[in-house]
Amino acid sequence: MQKTRIEYLTHTWNPIKMTCSPVSAGCANCWHIAMGKLFGKHMGKPVLKEEELVAPLRLRASATIGVQFMGDLFHADVPEVFQINVMEVIVDCPQHIFLVLTKRPAIMKHFFKFFKTHTNLMLGVSIEDQQ
């Protein structure tokens, strides 16, 4: 988990090591993909980083945390069990606010048919055009 200068967050939390892939024209300027190309990193299939997964549990002060800003929690390659593991930590940390953003609203919608949302969880979807 890292502190961030993003004005609406105090931390970013990336418990999944992954490479995201473009899903729409809005991905053309994605900084995650750009950084991967810059540093020549291709991380392959998503991997859950156990030590990073529990990082929010160690924060003493309340925080506003961006979830999986280096990728997309609802990418098709992310196993549902990883999403469940992340949500369990969110549930166990009611003192924090968590922000999950995605460009894959259909996968997110399907996930939350089976997993209850909580008051400390904010969900957002990128909207690029009228279509």
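Strands β5 and β6 run parallel and are joined by four bridges. Across this pairing, Ile65 stands opposite Phe98 in β6. The model described here is predicted.

**Overall make-up**

The protein chain contains five helices and seven strands. Read from the N terminus, its elements follow the order β-β-β-α-β-α-α-β-α-β-α-β. The chain has 131 residues, of which 40% are buried. Its exposed surface comes to about 8,200 Å², with 56% of that supplied by carbon and sulfur atoms. Of the contacts between residues at least 6 apart in sequence, 75% join residues at least 24 apart.

**The sheet**

Five strands form an open sheet in the order β1-β2-β5-β6-β7, and the pairing is mixed. Strands β1 and β7 (121-125) are at the edges and have a single partner strand each, so one side of each is left without a neighbour in the sheet. Further in, β2 pairs with β5 (residues 64-67) in the parallel sense, over three bridges. In that pairing Thr12 stands opposite Gly66 in β5.

Helix α4 covers residues 80-91. Its 12 residues should span 16 Å at 1.5 Å a residue, and this agrees with the model because the end C-alpha atoms are 16 Å apart. The helix lies across β2, β5, β6 (97-102) and β7, and it runs at about 145° to β2.

Which residues of α4 are buried? They are Phe82, Gln83, Asn85, Val86, Met87, Val89 and Ile90. An α-helix has 3.6 residues a turn, so residues three or four places apart point the same way.

The largest nonpolar core has 25 residues, and Trp13 and Met87 have the most contacts inside it. Two or more residues come from each of β5, α4, β6 and α5 (105-111). The greatest contribution is that of α4, with five residues.

**Individual residues**

| Residue | Relative accessibility | Class |
|---|---|---|
| Thr10 | 33% | partly exposed |
| Thr12 | 10% | buried |
| Gln68 | 1% | buried |
| Leu101 | 35% | partly exposed |

Thr10 belongs to the loop between β1 (2-3) and β2 (11-13). Apart from neighbours within four places in sequence, Thr10 is in contact with Gln2, Lys3, Thr4, Ala63 and Thr64. Its C-alpha atom is separated by 9.9 Å from that of Ile97, a residue 87 places away along the chain.

Thr12 is located in strand β2. Why is Thr12 classed as buried? Its relative accessibility is 10%, and the class applies because buried means under 20%. With neighbours within four places left aside, the contacts of Thr12 are Met1, Gln2, Thr4, Ile6, Gly66 and Phe69. One of these, Gly66, is also the residue that stands opposite Thr12 in β5.

Gln68 sits in the loop between β5 and α4. At 1% relative accessibility, Gln68 counts as buried. The backbone of Gln68 has a phi near 50°, which is a positive value in a residue other than glycine. Most residues other than glycine have a negative phi.

Leu101 is part of strand β6. How exposed is Leu101, in terms of relative accessibility? The value is 35%, so Leu101 counts as partly exposed. Leaving out residues up to four places away in sequence, Leu101 touches Phe69, Asp72 and Gly124. Leu101 and Val125 are 24 residues apart in sequence, and their C-alpha atoms are 5.6 Å apart in space.

Terms used. Residues numbered from 1 in each chain as written. Predicted model: local features only at pLDDT ≥ 70, side-chain atom pairs only at ≥ 80, totals over all residues. Heavy atoms only, no water. Buried < 20%, exposed > 50% of the residue type's maximum accessible area, 1.4 Å probe, protein only. Contact = heavy atoms within 4.5 Å. Expected span 1.5 Å × (residues − 1). Pairing = 2+ DSSP bridges. Axes fitted to C-alpha atoms, helices over the stretch in contact; angles between N-to-C directions. Core = buried A, V, L, I, M, F, W, Y, C linked by side-chain atoms within 4.5 Å. Areas by Shrake-Rupley, 256 points an atom, 1.4 Å probe, with all protein chains shown as cover.
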